[in-house]
Amino acid sequence: MSSVKEQQRRNVEVVREAIDAFRRGEIDGLLALALEDFEVYLPPNLPNAGRYVGEDGFMVWLNQWLEAWEDFTVEITEASPVGARHVVAVMHQSGRGKGSGIPVEMDLAYMWDVRDGKLAALQMYATREEAVEVAEQRERAAGD
């Protein structure tokens with residue numbers, strides 16, 4: 001059995017692989033890293049709030065998210081393990097509003113749940129602190 005440190009390192013690696021696949025436009029590559037019932041959740045204070053499950057749900061969410069932007073880019077500024085299953089990645093996003101052309105830049109915290117080397121869930125939060133708090137609660141609830 002691998003140590004928690006090794007598991008955390010692998011979890012961060014899986015998250016980075018998924019984000020790199022997205023940045024290259026390889027959505028199939030990203031989905032190959034996810035469980036069949038992969039879930040995306042955005043709280044009510046973020047655009048496209050809601051819960052999206054599975055490949056179909058992911059594609060609905062992704063298309064809704066991207067259709068608002070031109071020249072959308074995302075970069076990892078930090079990725080840290082939280083417990084045995086979670087990774088919080090601070091992401092810098094930038095783009096121009098489709099139609100308005102107004103440039104927008106923002107940082108969001110992506111909280112990933114990684115199980116057995118596969119992405120189980122992605123939840124987005126306005127701040128790193130909020131994402132870490134949710135990850136820590138989920139770790140306690142799972143008994144890890």
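Q: Which residue in strand 5 stands opposite His92?
A: Asp107 does. Strands here are DSSP runs of E, at least two residues long, and helices are runs of H or I, at least four long, numbered from the N terminus. This is a predicted model, where local features need pLDDT of at least 70, side-chain atom pairs count only at pLDDT 80 or more, and totals for chains, interfaces and linings use all residues. Residues are numbered from 1 along each chain, and side-chain values use heavy atoms, without hydrogens or water.

Q: How many bridges join strand 4 to strand 5?
A: 11, and the two run antiparallel. Strands pair if DSSP finds at least two bridges between them.

Q: And strand 3, how does that run against strand 4?
A: Antiparallel, joined by 11 bridges. Trp69 has Gly97 as its bridge partner.

Q: What's in the turns?
A: Strands 3 and 4 form a hairpin with three residues between them, and Gly83 there has a positive phi of about 70°. The hairpin of strands 4 and 5 has five residues between, with Gly99 at a positive phi near 90°.

Q: Why is strand 4 called largely enclosed?
A: Because 10 of its 12 residues (86-97) are buried, meaning under 20% relative accessible area (1.4 Å probe, protein chains only).

Q: New topic: how much space is in the largest cavity?
A: About 180 Å³, counted as the space filled by probe spheres set on the grid points.

Q: Which element gives the most to its lining?
A: Helix 3, with four residues.

Conventions:
Buried < 20%, exposed > 50% of the residue type's maximum accessible area, 1.4 Å probe, protein only. 1 Å grid on protein atoms, 1.4 Å probe; cavity = no way out; pocket = protein on both sides within 12 Å on 5 of 7 lines; lining within 4 Å.
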